[in-house]
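Here's a quick briefing to read alongside the model. Have the sequence and the 3D view open, and follow along topic by topic.

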Amino acid sequence: MMAVPFDQMEGQIWFNGEFVAWADAKIHVLTHGLHYASAVFEGERAYGGRIFKLTEHSRRLHRSAEILGFEIPYSVEELDAASVELLKRQGFSEAYVRPIAWRGSESMGVSAQQNRINVAIAIWQWGSYFNPAEKLKGIRLDIAEYRRPDPRTAPCESKAAGLYMICTISKHAAEAKGYADAMMLDYRGQVAEATGANIFFVKDGVIHTPTPDCFLNGITRQTVIELAKRRGYQVVERAIMPEELSGFSECFLTGSAAEVTPVSEIGPYRFTPGKICETLMNDYMREVHPFAAAAE
């Protein structure tokens, strides 16, 4: 946990096209996005002064907004440029980047089609998403009570703020039991993902991962699949039932915040971080650090 509350940090935030003082990036309590979750966001990381796959994230932010029925008033190129400039202004080399877009406070009610679409980008220093000591030996996951919803009931292809409500509930419940996070099933009872990261398993040298048909096909997920294939590993995307977990030897999570994180336990199931997990952890860090390959 950070020692300084987020609203008391120093620096600048890009807010509706302008760089403003961190403390001045405020919204009204009657903002539609706060009451009705009409907000979309991204999570990105900067390594060595470069934001990894920045354009892909900016494009996905646009797509998420489109799915929620609104248009971001800044182009992908403008968002990219603002993020790059803000990273320089913050003076960080390694950092976390959070763009967000939301409906404003011009009217209150379920319908808010005329409300302004606000956009902001904040950048701060954020270390490992999980406890570093736990991460090295593999984190422990609970099995969440709530499930990822049917695509017919929620806009699952959007990185929408409202979809993370059950993630927060599930992660808090897991932490209360001493776990680092929780694995969520989907509405069919199949393995889906963790509360903020995609999940992979290993069996007999083959990598298995759930088909992302009711949760985000993460940008980090796609990167790790590409890295695995470069190594010659077979990657199978398929429906995975929870009872299959006893047959997997390795397990790991992927995400912009989580990066590549080994898992040692999911409820009653046990895994041993092994060669494939270690290889992909190292390959991912080489991929994201802009000068790593040149230094080798």
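**Rings and charges**

Arg140 sits over the face of Tyr179, 4.4 Å from the ring centre; a charge counts as over a ring if NZ of Lys or CZ of Arg is within 6 Å of the ring centre and within 35 degrees of the ring normal. Before going on, note that this is a predicted model, where local features need pLDDT of at least 70 and side-chain atom pairs count only at pLDDT 80 or more, while totals for chains, interfaces and linings use all residues. Residues are numbered from 1 along each chain as its sequence is written, and side-chain values use heavy atoms, with hydrogens and water left out.

**More on the aromatics**

- Arg45 lies over the face of Trp126, at 6.0 Å from the ring centre.
- How many aromatic pairs does the structure hold? There are eleven, where rings of Phe, Tyr and Trp (its six-membered ring) pair if their centres lie within 6.5 Å, with planes under 30 degrees apart called stacked, over 60 edge-to-face and the rest tilted.
- Take Phe6 and Trp124: their ring centres are 5.0 Å apart and the planes meet at 85°, so this pair is edge-to-face.
- Phe6 belongs to the segment before β1 (12–15) and Trp124 to strand β7 (residues 117–124), so the pair ties together parts 118 residues apart in sequence. Helices (H or I, at least four residues) and strands (E, at least two) are DSSP runs, numbered from the N terminus.
- Phe6 is partly exposed, at 41% relative accessible area, whereas Trp124 is buried at 9%. For these labels, buried means under 20% relative accessible area, exposed over 50% and partly exposed in between (1.4 Å probe, protein chains only).
- Phe201 and Phe248 have ring centres 4.8 Å apart and planes at 20°, so they are stacked.
- That pair also links distant parts of the chain, with Phe201 in strand β11 and Phe248 in the loop between β13 and β14 (250–255), 47 residues apart.
- Phe201 is buried, with a relative accessible area of 0%, and Phe248 is buried too, at 5%.
- Ring pairs also link Phe6, Tyr96, Trp124 and Trp126 into a cluster.

**Strand pairing and the crossover**

- Strands β12 (residues 206–210) and β13 (residues 235–238) run parallel and are joined by four bridges; two strands pair if DSSP finds at least two bridges between them.
- Which residue of β13 is the bridge partner of His208? Look at Val236.
- Getting from β12 to β13, the chain passes through helix α6 (residues 219–230), and this β-α-β crossover is right-handed. In other words, with the strands pointing away from the viewer, the path from the first strand over the helix to the second runs clockwise.

- Asn198 lies in strand β11 (residues 198–203) and is buried, with a relative accessible area of 6%.
- The Asn198 side chain reaches the backbone oxygen of Leu216 at 3.2 Å. A polar contact is a pair of N or O atoms within 3.5 Å; within protein, one must be able to donate a hydrogen and the other to accept it, and residues adjacent in sequence count only if both atoms are side-chain atoms.
- Leaving aside neighbours within four places in sequence, Asn198 is in contact (heavy atoms within 4.5 Å) with residues including Glu193, Phe215, Leu216, Arg221 and Phe252.
- Ser58, in helix α2 (residues 54–67), is buried at 4% relative accessibility.
- The side chains of Ser58 and Asp80 make a polar contact of 2.6 Å.
- Beyond its neighbours within four places in sequence, Ser58 is in contact with Val76, Leu79 and Asp80.

- Most residues other than glycine have a negative phi.
- Asp204 has a positive phi of about 55° although it is not a glycine. Asp204 is in the loop between β11 and β12 and is exposed, at 72% relative accessibility.
- Glu259 also has a positive phi of about 55° without being a glycine. Is Glu259 buried or exposed? Glu259, in strand β15 (residues 259–266), counts as buried at 10% relative accessibility.

**An exposed loop residue**

- Lys26 is placed in the loop between β2 (18–21) and α1 (32–36), and counts as exposed at 62% relative accessibility.
- The C-alpha atoms of Lys26 and Pro262 are separated by 38 Å, with the two residues 236 apart along the chain.
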